[in-house]
Amino acid sequence: MLDASSDSLLATLKRVFGYPAFRPFQEEIIRDLLAGKDVFALLPTGGGKSLCFQLPALVRPGLTVVISPLIALMKDQVDALRANGVAATFLNSSLSEEDRRERWRGLNAREYRLLYLAPERLMAGTLLDDLNRWGVCAVAVDEAHCISEWGHDFRPEYRQLRTLRERLTDVPFMALTATATDRVRKDIVSQLHLRDPGVYVASFNRPNLTYRVEPKTRAYGQILDFVKARPKDPGIIYCASRAGADGLAAKLVTDGIRAAPYHAGMEKEARSQTQERFLRDEVRVVCATIAFGMGINKPNVRFVIHHDLPKNVEGYYQETGRAGRDGLPGECVLLYSAADVIKQRRFIEEKPDGDERRIATEQLQTMIHYAECGECRRVTLLDYFGEEYPGDNCRSCDNCLSPRATFDGTVSAQKLLSCVYRIRQKSGFTVGLNHVVAVLTGSDSEKVRQWGHQELTTFGIGREHSRNEWAAFARELMRQGLLAQNAGGFPTVEVTAEGMLALKDRRRITLTRPRDAAPAASGRSGTIACDEVLFEKLRQLRKDLADREGVPPYIVFGDTSLRYMARTYPVTESEFGAVSGVGANKLRNYGAPFLEEIRAHVQANPRQIFADDPGLVAPVAARKSRGELLTETVLESVRRFRSGQDLATIAQGRGLTTGTVSGHLASAIEAGERLDPGHAFTPAEAAAMRDAFEKAGWATLSGAHGVLAGRVDYGALRLFRAFHLASAR
């Protein structure tokens with residue numbers, strides 16, 4: 001009989017994958033699939049989508065088929081599963097005839113738990129008939145937005161999945177994606193014929209990412225300074241053109257950066273080589289067009305830079321989401337200039353007139369608003385996906401960390417609005433924003449003279465601001481509803497009714513000063529504080545082992561696991577096995593060399609002592625001693641907890657509150673005592689607290705307390721956090 005209890009699922013999670021607890025929605029999704037229910041899951045990049053179908057494949061008989069769009073992505077996931085001791089394979093065009101035959105034999109013998117397939121492979125040969133023979137128990141469609149013509153990466157071959165659904169009528173289907181609008185979600189459910197699916201939509205918020213928009217003043221110099229300030233961090237730089245990607249990569253290589261280009265104009269073999277070298281940490285920076293990314297499962301990308309303005313917010317979100325997939329900090333920087341806006345508008349003008357051009361114009365306007373707004377970037381991003389951020393300051397974007405100065409822009413706004421009005425009044429037609437700015441700044445251009453606009457009273461009255469500043473002010477007035485821009489083939493601007501009222505009433509108007517380019521700071525908050533010397537030693541050891549096995553380094557261990565090792569100094573097998581990301585198979589295969597490296601380091605160097613919260617280093621003198629933490633009253637609560645009593649029973653028996661008892665147990669864990677979290681919280685309570693901490697950060701209790709609206713007391717939150725931190729020791 002199938003054991004799908006929480007204890008059983010958690011035991012499998014730790015034994016195979018090395019994780020002590022589920023991320024938000026994972027357990028609920030897994031339970032639905034195991035119960036034979038169809039599922040639609042929208043989880044952010046790095047939110048643990050793959051585990052939702054990988055773990056069920058291990059706890060029930062049968063073969064789980066995973067539809068994946070890219071060959072590289074299949075190989076990457078299969079390599080990672082094999083490193084954890086899971087029998088998984090893939091079938092695609094990259095295999096030799098001998099490999100294909102061997103895998104077919106294994107499938108016929110039912111030796112595998114997971115099979116990865118490309119959608120176009122489904123219709124080849126007898127595969128559909130073979131699937132029935134292989135005992136398929138579930139089908140997972142990864143990157144499911146590819147099935148929708150409304151998605152940002154529509155792939156016609158995904159439509160073939162209807163045939164698979166018709167053949168496997170009794171098998172539950174799971175659709176997974178990291179980004180999809182409401183319209184795309186509904187289309188996915190319809191196209192895959194999902195039957196009364198369990199629908200799980202996680203937050204689009206990526207709390208570990210910081211967002212910054214910088215004026216593009218000296219693009220290459222800005223990028224070089226940024227990359228040099230982070231000498232060991234891998235990253236992706238997105239360029240609008242193939243020539244741009246080639247040129248930028250060549251310049252970086254000349255300046256000593258291990259960089260390489262990636263775009264659709266390269267030979268397939270050259271693209272594969274760049275991707276493989278990036279995955280193996282042999283290339284540090286990839287300069288790419290948007291062709292690069294979906295097949296990349298590299299969790300430790302530390303930064304994503306947009307050299308040019310993206311076409312739309314959804315693509316921008318997807319591309320920035322490739323940073324920080326391991327949960328550690330990632331930086332997202334957009335270089336922005338008015339010239340890029342003009343370039344994108346020219347591209348749009350080349351499209352046939354109609355809906356396509358109108359939609360592209362609207363999407364570009366939304367992207368411009370994101371780049372120029374003075375509000376929280378995170379609030380703006382989440383609002384695009386219909387999600388409300390709980391607050392107006394995320395403390396991790398440029399506008400929240402360094403708010404831009406505002407000023408009384410009434411006079412400047414009046415000049416601009418008056419100029420737009422006078423042009424319309426004199427000529428009887430509206431003009432584009434660039435022409436308005438030319439009149440304001442007194443440009444002696446051919447069009448200004450042709451239309452007689454040098455005779456206007458507003459000609460040359462705006463020389464105190466640059467053309468770029470006037471363009472930025474105009475777009476801000478559009479956001480305030482005082483100016484409007486039509487979405488035709490040649491966008492023109494006009495004063496709205498509200499703008500006319502503002503002019504007539506001499507209403508006070510506040511404007512925002514454009515931001516100057518920021519320095520290429522290398523400081524990064526929120527990372528897991530650890531012994532950096534030991535971390536580098538472990539990173540080199542990981543690279544050596546990965547090279548020997550022919551896999552990317554993160555297949556051995558992720559950066560998060562290495563940082564916890566360099567923080568907690570595990571020197572025994574049991575301590576090493578408790579580190580997050582260390583499952584039974586990895587302990588068996590890699591434990592000895594890592595333990596040897598850590599022991600040698602500890603013998604030659606003093607251990608560093610860290611604060612209880614990852615990311616915060618505390619002086620040794622500020623920490624309480626073990627004796628101060630383990631008072632007699634604390635030890636009495638510990639004894640009762642170890643005897644099997646839950647928090648409420650201990651509190652009642654001792655005449656204390658449960659919050660006090662929770663505090664006792666947290667003190668014991670912080671002092672190094674090992675306690676079993678099994679009967680401290682229900683799975684629902686644990687999931688709610690984990691979700692709250694992931695939203696608010698682990699540094700303080702008050703943030704999680706606020707997210708939970710005070711429903712959980714501080715004692716319980718402190719205890720849960722203590723268990724969480726101890727799980728990595």
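1. The buried residues of helix H15 (residues 377-384) are covered by, among others, strand E8 (209-215), helix H12 (313-320), helix H14 (355-372) and helix H16 (398-401), where contact means heavy atoms within 4.5 Å. Those buried residues are Arg377, Arg378, Thr380, Leu381 and Leu382, buried meaning under 20% relative accessible area, exposed over 50% and partly exposed in between, with a 1.4 Å probe and protein chains only. After H15 comes Gly386, with a positive phi near 75°. Helices (H or I, at least four residues) and strands (E, at least two) are DSSP runs, numbered from the N terminus.

2. On provenance, this is a predicted model, in which local features need pLDDT of at least 70 and side-chain atom pairs count only at pLDDT 80 or more, while totals for chains, interfaces and linings use all residues. Residues are numbered from 1 along each chain as its sequence is written, and side-chain values use heavy atoms, with hydrogens and water left out.

3. For the chain overall, the secondary structure comes to 33 helices and 17 strands. The radius of gyration, taken over C-alpha atoms, is 29 Å, close to the 27 Å from the globule rule (2.2 Å times the number of residues to the power 0.38) for 729 residues, so the chain is as compact as a globular protein of that length. Buried residues account for 54% of the 729 residues.

4. A salt bridge, defined as a side-chain nitrogen of Lys or Arg within 4 Å of a carboxyl oxygen of Asp or Glu, is counted 40 times by this rule. In one of them, Lys543 meets Glu282 at 3.9 Å, N to O. Lys543 lies in helix H22 (residues 532-549) and Glu282 in the loop between helix H11 (268-279) and strand E11 (285-288), so the pair ties together parts 261 residues apart in sequence. Lys543 is buried, at 15% relative accessible area, whereas Glu282 is partly exposed at 33%.

5. Asp408 and Arg508 also form a salt bridge, with their closest N and O atoms 3.6 Å apart. This pair links strand E14 (residues 406-408), which holds Asp408, to the loop between helix H21 (497-505) and strand E17 (510-512), which holds Arg508, 100 residues apart. Asp408 is partly exposed at 43%, and Arg508 is exposed at 56%.

6. Glu476, in helix H20 (residues 467-479), deserves a separate remark. Glu476 is buried yet has no salt bridge, the nearest side chain of opposite charge, Arg479, being 4.7 Å away. Leaving aside neighbours within four places in sequence, Glu476 is in contact with Thr510, Leu511 and Thr512.

Key:
Lys and Arg count as positive and Asp and Glu as negative; His and the chain ends are not counted.
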